[in-house]
Structure formats: structure tokens, C-alpha cells
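I opened this notebook to record what I looked up in the structure. The entries follow the order in which I consulted it.

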Amino acid sequence: MPKVTLPRLRPARAPRRPTDSEPPDVPTTAPWVWPAVVAVACGPFVLTAVGLAVAALRPPPRPATEVVAVPVFVPAAAEEPAPAAEPIAVEPRLVEIVEAPPPPAPPVAEPVKPAPTKPARCDRFGTAIEFVRSPALAFDRAARDQKLVMVLHLAGYFDDPGFT
Amino acid sequence: MNALADEKVGEFVGTHFVSAYKKVGTFQKDGDTKTGGNVAAYFCLPDETVIHVIPGPVDAATFLREARWAVDVAESAALEHPDDVFEQRAYLKTAHGLRYLTDRTGAVPRPGKGMSLASRVNALMPKKEPRGEELLSQAHWLMWNSPLPRLSDVYQTVWTGILNEPLTDLPVRAR
């Protein structure tokens, strides 16, 4: 087996103690390294502190309080029924809507108008008297015209001279 | 009813009345011969109460006289007792009694001592229907007995009781 020669490790040289004549060994690191190191080391703490501060200053959600606040708002909502009285004020509007139908009433009255026109169609049947076509119309017309009524009761057909 | 063809009747009736007719009876016709059939003229207020009735056919003068009397007595009743139907009915009762007694005897009854004209007339009026008398007298007695009746309540009595005609809706039969 071939002999393996391991590289000889050179013993670490002891740091040289500075001499009095010689200025102390000043680290050769850049002057900005230390602030950066400090910043890196303190950063988490600063961030943590800022976060805690924000959390502390932030108004707590207090969910339990909100549950309590709900009933508090309920009375507030109960106070709003006063505006709910406004719907009562709206009821007159409903009455107005009900009043709207009366306009259709005139059409009901209009059919009555033809009635007066019908009595105007009178027949004499060979007499000197004008007859409306029914006693009921005669009474209605007499009440309207402030007249009396003459009703002729007869046997046969008044409108047929051969059967009167 | 020939009276209805008279111009004076037509003018008076047209001035004071609204006229209508109703078939309530029938008759039988053989050629030109008519069997049965009749007519009655009712003078009414607009509330369908009867002031007077003329049963059977009459001449123009009689029709005009009775029509004028009906108008006059209705106006007098309304003038004497406005808005009082009971007093108007009593007024018409006395008026018909006076007409009945006057037409039969020719003498006008006068109120006696301590007796009003109405009481006097009522005392002289027959208590039963005057059957067999003139149709017009029977009509006055009927209106005295029940003044201002509704037409629907009195027309059967006039048609069947005074005119002796059957009430029917049967059509006229022609042979």
C-alpha cells in the first residue's frame, strides 16, 4: 500500500503582541461596518418594538365589547322607529291612492246618462200623448223633471192598433 | 181610449205628466170584433203613489176634467201640508169623498157644528164598496177608502174589482 503523506500542517502562529513602539493593531474593517452590524443586530428589536407600539396604539377590536355594543345599537335602532313613524305618515298617501279609484266612478255615472236619452225616444201610438217605454222610466223622469206620472193600464198591445 | 187622441188632452198631459203604459190584461179578437179588454189611467206622484184613477174608457172632456182635478188636488195637498205625507193623505181622502158625494148628489157637504169637513164627509160616505155605480164613482170611493196607495197595491183592485177584467200576461188571441 503506498504511503500517503499527509500535508504538514503549519502550526498557527501566535498573534504577535504589539510592541510599545509599534501602534496597536487597528482593525482594518471599514468604518461603516459597525453601524451596519449594529443596525442588523438591533433591527429585529426595533421592528418588534415598533410593531408592539403600533399594536398598542391601535384601538383594540374588543370583540366582546362589540357583542355588548350590539344591544346598545338595538335601542339606537329602536329610536329610529321614530322615523318609522314616517311610514304612518305615508298612510295618507295610501288614502290618496284609494281616492284615486273614484275617478272610475264617473264612468259608472255615465251609463246612467243614456237612460235620460232613452226616455227621449217617445211614441204616441196614434194618440196625442207621448209615452216612454216603461212606467219605471216614467217615474224616474218625473222625479227629475218635477212632474206627475200618468200610467195607462190596458189589455192588448198599445203599439199595435189592431190589438188595443 | 179616444180621449187620448184629443189635442187638448195631449197638451195638458204632456205639460204635467210623464206618461207610460203597461199591458195587464188581454182580449180575444174575432175578425173586427173584440171580446174583453179594458183600460185604466192612473195619475201618480213620482213616488209611485196614486192620486187618482180613471177606470174604463171615457171621453176627452171627462178625461181632461179628471186629469186637471188630479193635478189641482195634488198641488193643494202639497201646499197645505208640505213635507207631511200623512196630512197630504188625509187631504186627498177628504177630496175624493167630496168628489164622490158631489158627483152622486150634486150637493156639496158642509162642515156641521163641532164637526170638521173631513169628519162630515167621512160620516156621509158608504162604508162598503159601491158596486154597480159609475166606474168613476167607484174609483173615488176606492181612493177615499185608501188614499195615496201605491200603484202596485191598488191596480189589481181597479182591474179586477171595478173593471171585472182578469189580470193576465197572456197574449191577445186572434182568430
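**Entry 1: fold of chain B.** I counted 6 helices and 6 strands in chain B, taking helices (H or I, at least four residues) and strands (E, at least two) as DSSP runs numbered from the N terminus. Along the sequence, I read the pattern of chain B as α-β-β-β-β-β-α-α-α-α-α-β.

**Entry 2: basis of the values.** I note that this is a predicted model, in which local features need pLDDT of at least 70 and side-chain atom pairs count only at pLDDT 80 or more, while totals for chains, interfaces and linings use all residues. Residues are numbered from 1 along each chain as its sequence is written, chains are lettered from A and ligands numbered from 1 in the order in which they are written, and side-chain values use heavy atoms, with hydrogens and water left out.

**Entry 3: burial in chain B.** I found that 46% of the 175 residues of chain B count as buried, that is, under 20% relative accessible area (1.4 Å probe, protein chains only). I then looked at helix 5 (residues 135–145) of chain B, which is largely enclosed by the rest of the structure because 9 of its 11 residues are buried. Among them I listed B:His140, B:Trp141 and B:Trp144. The buried residues of helix 5 pack against strand 5 (50–55), helix 2, helix 3 (85–105), helix 4 (117–124) and helix 6 of chain B.

**Entry 4: chain A.** I recorded 6 helices and 2 strands for chain A, in the order α-α-α-α-α-β-α-β. Of its 164 residues, 14% count as buried.

**Entry 5: contacts within each chain.** I took contact as heavy atoms within 4.5 Å. Among contacts in chain B between residues at least 6 apart in sequence, 59% join residues at least 24 apart. In chain A, residues 24 or more positions apart account for 12% of the contacts with a separation of 6 or more.

**Entry 6: the interface.** I found 44 residues of chain B in contact with 31 residues of chain A. The buried area between the chains is about 3300 Å², of which carbon and sulfur atoms give 67%; this is the accessible area (1.4 Å probe) that two parts lose on being put together, summed over both.

Notes
Buried < 20%, exposed > 50% of the residue type's maximum accessible area, 1.4 Å probe, protein only.
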